[in-house]
Amino acid sequence: MIASEPTLDKDVEARASCSATCRESVIKTSAAFVIAALCCASSANAFDRSRPEVKSFIDDTAKEFALDRQAISDLLAQAETKQAILDAISRPAERVIPWFEYRDRFLVERRIQQGADFWVANAQSLDSVRDPGIALTIAGILGVETSYGRITGRYRVVDALATLAFDYPPRAPFFRGELQQFLLLTQEEQVDPKAALGSYAGAMGIPQFIPTSYRRYAIDGDGDGKRDLWSSWQDVISSVANYLRVHGWREGEPVVVNATLADKDLSRFNVATIALNETVRSLRDKGVTFSTQQPDDAPAMLVVLQGKDGPEFRVGFTNFYVITRYNRSTMYALAVHELGNAIQGFMQDVKR
Ligand SMILES: [Ca+2]
C-alpha cells in the first residue's frame, strides 16, 4: 500500500472492490452489531409484524404516503429475513485491493466484447444521448455494475430491504426509507413488489438503482409509459444518462488524464475525500504535470492509485467526480472510464 492510500476513502474502495453492484455508502459494522444481526436472523425467517418497530413502520408509512395499510402488512408478512443478506452486508471489509488488481477485474477481454455487443445492439439509444462522453460512460457503468444485465442480483428486493430495515441496526433508518421508496415505486411503475429482484442491498435492474434513485432519476426512454430498468435498454440508457446529467455532467469535457509528480510527497494535497478540491492551476502550481485543454480555473482533483510499479497519478475533472456520485470510489470511476474507452478502441479495431 502506498503512503497516500489511507487518505482515500478506503471503506468505499474496499466495498466497491468486493461488489461492484453495491453502491451503498460506507457501512461500518461493529462486532456487536453483527452478532445482534445474526441472533435476530437465526430465530425465524418470516417477519413478525407484531414487533413494535415493524408495526410502527407499517402505520407510519401508510399514513405518510397514503398507502394501503393492509397491503403493506400483507407484503411484509411474505417478506423473509435472509441470513445471506446480513452476511453480505456485514462482511468485514476485505483488504483494500490495489488499483492494478481492481482494474484487472473489470478490464478483461470478455467484458470489453460484451460492451461492444451492448453498443452495437443499442447504437440508436446511445446516439440519442448526444454526448459521446456520456455514452461511453454509460457503457462503462453497465459493464462494471452488472456485465450488461448478466448479474443483476438474485434476492427479492422486498426481502433485502426488509431484512436490512429491521434486522440490521446500523443502517436501519436508511433501509426503512428505501423500503418506503420501494413500496411507492412498485405502485407507480406497476411492478409486483413480491417478484422484483435485486442485489443484497436492494439495488435493482441493469443499472442497479436503489429505490430512491429509481424514483428520482429513472426515465421512460422507450415511451411505453413505464420506467423499466430490468428489461428496457432504452429506459436504462436514458436513466443513467439522466443520473449523470443531474449530478453535474458537463458535455464535451474530459473525465480524467494521466499525471506525473516530480515530488511524491503528498502532504500538500488533500486526497482524504473524493472532492474537486483543486483547480487545473492549483495542481500545476503544486508540481503536477498533465496535459489538458481545460482552463486554469477548471475544478480538478488529484487521484492517487497503487500501480504495479508504484504509485500512479491522475487528474480528475468535474465529469470524473460525477461518476463517483454513482458509486463513491475513485477506482470505480476510473474503471468505468477505462472500460468505456476500451470498448470504443475494440470497436475501432474491428472496423479496420
Ligand atoms: Ca419504458
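At what angle do the axes of helix α9 and helix α13 cross? I began my notebook with that.

**Entry 1: α9 and α13**

I am working with a predicted model. I looked up α9, residues 132-146, and α13, residues 233-246. Their axes come within 10 Å and cross at roughly 110°. Angles of 65 to 115 degrees count as roughly perpendicular, so I noted α9 as roughly perpendicular to α13. I also looked up the hand of the crossing, and α9 passes α13 in a right-handed one.

Next I wanted the residues that meet. From α9 I listed I134, T137, I138 and I141. From α13 I listed I237, V240, A241 and L244. I sorted this contact by class: seven residues are nonpolar, one is polar and none is charged.

**Entry 2: the whole chain**

I stepped back to the chain. It has 352 residues, and 46% of them are buried. I found 16 helices and seven strands in its secondary structure. Then I looked at contacts between residues at least 6 apart in sequence. Of these, 72% join residues at least 24 apart.

**Entry 3: the sheet**

In what order do the five strands of the open sheet stand? I read off β4-β6-β7-β3-β5, with antiparallel pairing. A reminder to myself: strands of a sheet pair through backbone hydrogen bonds, either parallel or antiparallel.

I checked the edges. β4 (278-279) and β5 (288-289) stand there, each with a single partner strand. One side of each is therefore left without a neighbour in the sheet.

I then went through the sheet pair by pair.

- β4 and β6 (residues 299-307) are antiparallel and share two bridges. Here E278 has A300 of β6 as its bridge partner.
- β6 and β7 pair antiparallel over eight bridges. I picked out Q306, whose bridge partner in β7 is P311.
- β3 (residues 256-261) and β7 are antiparallel, with four bridges. N258 is partnered by R314 in β7.
- β3 and β5 also run antiparallel, joined by two bridges. L261 stands opposite V288 in β5.

How many residues does the hairpin use to join β6 to β7? I found two residues in that link.

**Entry 4: α3 and α11**

Helix α3 covers residues 52-65 and helix α11 covers residues 172-188. They pack at an angle of about 50°, with their axes 11 Å apart. That angle makes α3 and α11 oblique to each other. Their crossing is right-handed.

Which residues make the contact? On α3 I listed F57, T61 and F65. On α11 I listed R176, Q180, L183 and L184. By class, the contact of α3 with α11 has four nonpolar residues, two polar and one charged.

I ended on a single residue. I343 lies in helix α16, residues 330-351. Is I343 buried or exposed? I found 23 C-beta neighbours inside 10 Å. A residue needs 20 or more to be buried, so I343 counts as buried.

What does I343 touch? I left aside its neighbours within four places in sequence. I343 is then in contact with I112, G115, A116, W119 and A139.

I also compared I343 with L107. They are 236 residues apart along the chain. Their C-alpha atoms are separated by 9.7 Å.

Technical notes
Residues numbered from 1 in each chain as written. Predicted model: local features only at pLDDT ≥ 70, side-chain atom pairs only at ≥ 80, totals over all residues. Axes fitted to C-alpha atoms, helices over the stretch in contact; angles between N-to-C directions. Parallel < 35°, antiparallel > 145°, perpendicular 65-115°, else oblique. Left-handed = near helix turned anticlockwise from the far one by under 90°. Contact = placed C-beta atoms within 7 Å. Nonpolar A, V, L, I, M, F, W, Y, C, P; charged D, E, K, R; others polar. Buried ≥ 20, exposed ≤ 12 C-beta atoms within 10 Å, placed from the backbone. Pairing = 2+ DSSP bridges.
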